[in-house]
Each structure stands twice: as C-alpha cells, then as structure tokens.
Amino acid sequence: MKLLVISYSQTGQLNELIDNCIRGIDTVDIDRIEYKPVKDFPFPWTSDEFFETMPESVLEVKTELEEITYKHDKYDLIILGYQPWFLSPSVPTSSLLQEESFLARVKDTPVITIIGARNMWINSQKSVSKRIAAAGGKIVGNIPFIDTHNNYVSAFTILHWMLKGQKTRKWGFLPKPGVSDKDIEGAADYAPILKKAIQDNDFSNLQTAILKLGNISIGSGILFVETAGRRVFNIWAGLITRLGDKPAKRRMLVRLYKYYLVVALFFIAPIVVTVFRLLVLPFVYPMINKRKSYICSTKLT
Ligand SMILES: Cc1cc2nc3c(=O)[nH]c(=O)nc-3n(C[C@H](O)[C@H](O)[C@H](O)COP(=O)(O)O)c2cc1C
C-alpha cells in the first residue's frame, strides 16, 4: 500500500494532528510531503497581511507552489491535511488543488481529509470535496479538529496567536488558542481506525467509525454564522478585487473589511444568533439537522 500524506502548516499544529492520526501506521510505504508556496505567507502575521489574504482565499486564487517531488506517480490512499482561511480552503490548499501534478495523483484515489481549524470548516470542505471529485478522486473520510471554546473567545485568542506567533494564553488567563493539547494528543484515537481501514484496504465504513468516536459535532449557531458569513465574504472579496486596483485603494478597502468583520463578529453576530436561536431555530430545526447530518454523514462528496 502506497500512502501519500500531504500538508501545509504555518504553526505546526496541523502536522502534529496528522502525525498523531497516523501514529503507529508503519507497515505501509508512506510518502510524507510538506509543501510550500514559492512566496510563503508570513508567520507571525501583521494585522494588514492577515486580512489582506481574504480576497485570494475566498476567490481561491492560485499561488505558485515550490516544486513537489513525489515518490510515486500513483498512490492507494491520499491523506490531505489542510486548514480553512476566511471560510475557504487556505490559499496553499486551493493552490495544491489546482496543481496538475497533485490532481493526477488524486484521480481514482481515495482521499482522507484532516482539518485543523478554529471552528468554521464546512464551506472549505465543500470546496475541497468538489475539487477532489472533479479530479476523479473520492473523499472517504474527514477528520476535523477545532478550538472548542466559545466562538468569540476563540476568534480573539486566535488573533493573539497569529499576530504574536505564540500559542499562549492571552493576558495569562484566556484559554490557549487553537486545537487544545488534549485534542491534539487525542488525535491518536483515530490511528487504529485508519490503520484498520488501510490494512483491509476498505474505506467503506471509515467515516462511520470516525464519527462513532463521538468527537465531531457542529453547533447550530456556528453553522448559521458560517453560512451567512460566506455570502458576505464573497461580496467583500469581489469588491476588494474589483475596486482595489491600486495598492493604496486595496489597503483602504481591506481595512474597511477588517473593521466590518470586527463589528459583525463581536457585535452583530451575537444579536443575530440570539434572535435566530429564539425565533427561527425552532422552525428550521429539521432543515438544520438535515444539513448537519449531510456534513457529518458517510456521504462526503
Ligand atoms: C488568514 C487566516 C484565516 C483563517 N480563517 C479561518 C476560518 O475561516 N475558519 C477557521 O476555522 N479557522 C481559520 N483560521 C485558522 C486556521 O484554519 C488554522 O487553524 C490555524 O491557522 C493554524 O493552522 P496551521 O496548522 O496552518 O498553523 C485562519 C487562519 C489564518 C492564518
């Protein structure tokens, strides 16, 4: 069995998650690749650089990647690790998914995705699934990891992590940002499940087994914010690329978007989510549940 494990990670968090998920899987031929853009993204970020990546993330604009040297032309299984940026696959991820050499290896190949996110990965997974299906591959398993703290707390703490470059507690008392140490270590719980599927070369029940562990859930509020957010991000991304034809103009528009985001996330979203929970959720609950079961079901493509 030839296994390709491929990822991009700025902080190393995603790579730790992947390493733990495949811990002890050593009887197969593993090609472990960490790819990088030619012009890599900064870490730590400045605030401007961070928000500046929104339009290209949302519009999935391809950036050039350093040449990837694969061990094989064809694999029996691909594990793709990725992270969402601005409710879309990160720019390195969407670029990989537009790279002919990678897509050729995806063709007719089962793919498992491992996601290291803050807490909003659904739209990005939709896009990743579409691109993999279009290349003739099939997603047979998805293991998302998130920061399980409150949405507003994690938005605040992740910015501290991204802008300071350290995964530490903001002000000494807020929770550590990102996926918790416990969940990173707990990623190893998926290893026996993956190992068995790989040994049997049978991925038909993999997602059911992944979900049976009971670690993956989706909050209705987060699902609602993410769905609404994605629509608004599309509008901003279009506006910034269309009107921001000069660097100074673009910078001004990105700053406007940044202020909008802070107000929307911390002031508008809590009100809208409360109203949604009290007045709308009871009526649309069956629809939301259907969407949730679609996301968590075994049907991943
Ligand atoms: C520019 C940027 C945008 C991000 N947007 C999202 C997002 O929309 N949803 C989410 O759950 N996490 C988001 N994150 C967090 C990342 O998905 C990821 O968890 C974090 O950057 C650590 O990943 P790493 O392994 O690449 O270091 C974002 C991170 C960055 C740098």
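Author: The bounds of a domain, as the word is used here, come from an automatic or database domain assignment. The structure is a predicted model, in which local features need pLDDT of at least 70 and side-chain atom pairs count only at pLDDT 80 or more, while totals for chains, interfaces and linings use all residues. Residues are numbered from 1 along each chain as its sequence is written.

Reader: Into which domains is the chain divided, and how far apart do their C-alpha centres lie?
Author: The chain is divided into domain 1, residues 2-212, and domain 2, residues 220-296. Between the C-alpha centres of domain 1 and domain 2, the distance is 22 Å.

Reader: How many residues of domain 1 that touch domain 2 are nonpolar?
Author: Contact (C-beta atoms, placed from the backbone, within 7 Å) links 17 residues of domain 1 with 19 residues of domain 2. Helices and strands are DSSP runs numbered from the N terminus, helices (H or I) having at least four residues and strands (E) at least two; on the domain 1 side, the elements giving two or more residues are H2 (47-52), H3 (54-58), H6 (122-134) and H7. If Ala, Val, Leu, Ile, Met, Phe, Trp, Tyr, Cys and Pro count as nonpolar, Asp, Glu, Lys and Arg as charged, and the others, Gly among them, as polar, then this side of domain 1 has two charged residues, three polar ones and, as the nonpolar number, 12.

Reader: Is Ile 115 buried or exposed?
Author: Ile 115 is found in strand E6, residues 110-116, and, beyond its neighbours within four places in sequence, its contacts include Tyr 82, Trp 121 and Phe 145. A residue is buried if 20 or more other C-beta atoms, placed from the backbone, lie within 10 Å of its own, exposed if 12 or fewer, and partly exposed in between. Because Ile 115 has 24 C-beta neighbours inside 10 Å, it counts as buried.

Reader: Which residue lies 29 residues from Ile 115 in sequence and 4.5 Å from it in space?
Author: The distance in space is taken from C-alpha to C-alpha. The residue that is 29 places away in sequence, yet 4.5 Å away in space, is Pro 144.

Reader: Which residue does a cis peptide bond join to Phe 43?
Author: The residue in question has its place in the loop between strand E2 (29-34) and H2. With omega about 0 degrees, the cis bond joins Phe 43 to Pro 44.

Reader: Is Trp 171 buried or exposed?
Author: Trp 171 lies in the loop between H7 and helix H8 (181-186), and its phi is near 60 degrees, a positive value in a residue other than glycine. Since 8 other C-beta atoms lie within 10 Å, Trp 171 is exposed.

Reader: What is the phi of Glu 60?
Author: Glu 60 lies in the loop between H3 and E3, and it is partly exposed because 18 other C-beta atoms lie within 10 Å. The phi of Glu 60, positive although the residue is other than glycine, is near 55 degrees.

Conventions
Contact = placed C-beta atoms within 7 Å.
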